Amino acid sequence: GDGIIPDDPDHSDDIVRRVREVLELIWKDRAEAIEKEACEILGVKELRDYFRKPGKGGFWDDHVSRYSKSRRKAPIYWLLQSSKKNYALWLYYHRLDKETLLKALLPKGPVQTKINREQSRLDELRRKRKAAESDAKAARKLEKEIDQQEELLSEIKDFAEKLERAAKLEFGDKEKLNSNIQYTPDLNDGVVLNIAPLHELVPWKEAKAYWKELLDGEYEWSSMGKLLREKGLVE
């Protein structure tokens, strides 16, 4: 694959679906029981909760802890998550290249596919609401569902905007930015400098801290430091 795994039950590459395929491969008929047992051990109702939970007891936090030694923090699976945790992409660090974020945003990529699907659901609810004019109770229920669906769609569009901002490194005054420079990871820089431009989506304070330091002109030896200087983001 391209190292992009969505947290999206409707997607064929959905992270929970992928995990279940592995469980079925190993445990066959016992897969469901094993999954239930794993959820009990992890203290979650269902597997998706474990992947969505950014703090203590969630996969991201466990993964960061496992991949941190003394001061070196190097998680290889990155969680890019929407504001209310209803959507996410997991990126595999070793597959990361300058096309990864743009691929995720392509018209047939996971993010736009998700937006299209949720827009269709919203359109369908609005059609039903129009058809239920004479039934006040049904209309009220549909209005509530429409509000929730509008919120979800707005959350995913916000995720897409932030992802696009990271892909194009458009964090400053557009007049002053070099528009030809885009997010280009260099694995020699290490995880924290490569994840820093994704600070708006990664629920990890390290990303924000390193982003600030990069903008302050630190790590000028790094590819990311040079890139941000060329972009016009370093004072």
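Of the contacts in the protein chain (heavy atoms within 4.5 Å) that link residues at least 6 apart in sequence, 56% join residues at least 24 apart. This is a predicted model, in which local features need pLDDT of at least 70 and side-chain atom pairs count only at pLDDT 80 or more, while totals for chains, interfaces and linings use all residues. Residues are numbered from 1 along each chain as its sequence is written, and side-chain values use heavy atoms, with hydrogens and water left out.

The C-alpha trace spans about 65 × 50 × 30 Å along its principal axes. There are 10 helices and 5 strands in the chain, taken as DSSP runs numbered from the N terminus (helices: H or I, at least four residues; strands: E, at least two). Of the 235 residues, 43% are buried, that is, under 20% relative accessible area, with exposed meaning over 50% and partly exposed in between (1.4 Å probe, protein chains only).

Now to strand β1, residues 4-7. Ile4 and Pro6 point one way and Ile5 and Asp7 the other, yet all are buried. β1 pairs with strand β5 (residues 88-92) in the antiparallel sense over 4 bridges, where pairing takes at least two DSSP bridges between strands. Pro6 has Leu89 as its bridge partner in β5.

Helix α1, residues 15-27, includes Leu25. Leu25 is exposed, at 67% relative accessible area. Together with Val22, Ile26 and Trp27, Leu25 makes a nonpolar surface patch of about 420 Å². Accessible areas come from the Shrake-Rupley method with a 1.4 Å probe, and for residues only the protein chains shown count as cover.

Technical notes
Patches are made of residues with over 30% relative accessible area and no salt bridge: like charges are joined within 9 Å, nonpolar side chains (Val, Leu, Ile, Met, Phe, Trp, Tyr) within 5 Å. A salt bridge is a side-chain nitrogen of Lys or Arg within 4 Å of a carboxyl oxygen of Asp or Glu.
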